[in-house]
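Thanks for coming, everyone. I would like to take a few minutes to walk through one structure, and please keep it in view while I talk.

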Amino acid sequence: MPDRFRLDGRVAVVTGAAGVIGSATIKLLAARGARIVAVDRDEKQLLAAIRDLPAQAEAYPLTADVTQENEVAHYVRATMDKFGAVDVFYNNAGIEGDITPIVRYSLQTFRRVLDVNVVGVFLGMKHVLPVMLKQDRGSIINTASIAGLIGSPDIPAYTASKHAVIGLTKTAAIECTGTQVRVNCVCPGLIDSRMLSAIVEGRNPGNAPVPNEKIVDRTPARRLGLASEVASVVAFLASDEASYVTGSAYTVDGGRTTA
Ligand SMILES: NC(=O)c1ccc[n+]([C@@H]2O[C@H](COP(=O)([O-])OP(=O)(O)OC[C@H]3O[C@@H](n4cnc5c(N)ncnc54)[C@H](O)[C@@H]3O)[C@@H](O)[C@H]2O)c1
């Protein structure tokens, strides 16, 4: 029986590939046999992420800003030129913005967060979906967050943006009705990462570091998640094993949003 988790020969485009979750995900997708197109605006970190992959991995870096339509169109076109298909699209680049309540939040930053987290996700799907619909095959996974499911103080733009990602995901899934293209999103919780540290520090400026036990006190798993644990769910959604899964928002949060 074929292993439906395997991704042998599949072409996977991953944005935010230089980041904590993106780099863990390209590692796992490559280990499952996918050919990787790794997209990020940070060229130096992107090359470091590619260097970190096992020697036999087939991975190509492409520097692009996901908010610029011409750059998004270019990374899709470059993938088609190189591989002739996009089978998996992990639409993952994102920023946290400022860590400040609404009354002090700058309009400029609010717009910037929506630009990267919402417009970037929209543009990615706008340019990848025609390819996948033509192939009549493909899996898109967007990165939302538990901040897309519940309110979260001091990160208003981020919270609004991640709610929007879930809405875009469901809309895209419906627009793919009757095709073999699936669209889902993941909602990571408190992942051990630079972004989480920035949010925790922003909420506790000038104070001693907040111990992990305090950060996870409302998380049933009683620990932070690992980027590799998000990657596992992304790799599942990318695979044929998830053939009946579309329009879903998968929490990877140790139960944080259950109560
Ligand atoms: N870390 C967490 O706890 C957590 C929890 C829930 C959701 N998320 C989401 O997961 C995704 C990845 O987060 P992470 O923790 O790996 O963060 P990260 O900051 O380590 O990685 C994000 C990557 O996106 C890239 N990026 C940012 N703006 C870009 C742009 N305009 N164009 C191209 N690339 C751009 C950055 O260069 C970076 O490499 C984000 O969407 C984030 O919102 C993270």
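I will start with the overall picture, then go to the strands, and end at the ligand.

A word on the basis first: this is a predicted model, in which local features need pLDDT of at least 70, side-chain atom pairs count only at pLDDT 80 or more, and totals for chains, interfaces and linings use all residues. Residues are numbered from 1 along each chain as its sequence is written.

The secondary structure of the protein comes to 8 helices and 7 strands, where helices (H or I, at least four residues) and strands (E, at least two) are DSSP runs numbered from the N terminus. The radius of gyration, taken over C-alpha atoms, is 18 Å, close to the 18 Å that the globule rule gives for 259 residues, so the protein is as compact as a globular protein of that length; that rule is 2.2 Å times the number of residues to the power 0.38. Of the 259 residues, 44% count as buried, and a residue is buried if 20 or more other C-beta atoms, placed from the backbone, lie within 10 Å of its own.

Now to strand β1, residues 11-15. In β1, 5 of the 5 residues are buried, so this strand is largely enclosed by the rest of the structure. Val11, Val13 and Thr15 point one way from β1, while Ala12 and Val14 point the other way. On one pairing, β1 runs parallel to strand β2 (residues 35-40), joined by 5 bridges, and two strands pair if DSSP finds at least two bridges between them. The chain crosses from β1 through α1 to β2 in a right-handed β-α-β crossover, meaning that, with the strands pointing away from the viewer, the path from the first strand over the helix to the second runs clockwise.

Strand β1 also pairs with β4 in the parallel sense, over 3 bridges, with valine 13 opposite phenylalanine 89 and valine 14 opposite tyrosine 90. In turn, β4 pairs in the parallel sense with strand β5 (residues 138-143) over 4 bridges, and β4, α4 and β5 make a right-handed β-α-β unit.

Finally, which residues come nearest to the ligand? Of the 29 residues around the ligand, these are Gly16, Gly19, Ile21, Gly94 and Ile191, where a residue counts as near if its C-beta atom, placed from the backbone, lies within 6 Å. Helices α1 (20-31), α4 (107-135) and α6 (194-203) each supply at least two residues of this shell.

Note on methods: A residue is buried if 20 or more other C-beta atoms lie within 10 Å of its own, exposed if 12 or fewer, and partly exposed in between; C-beta atoms are placed from the backbone.
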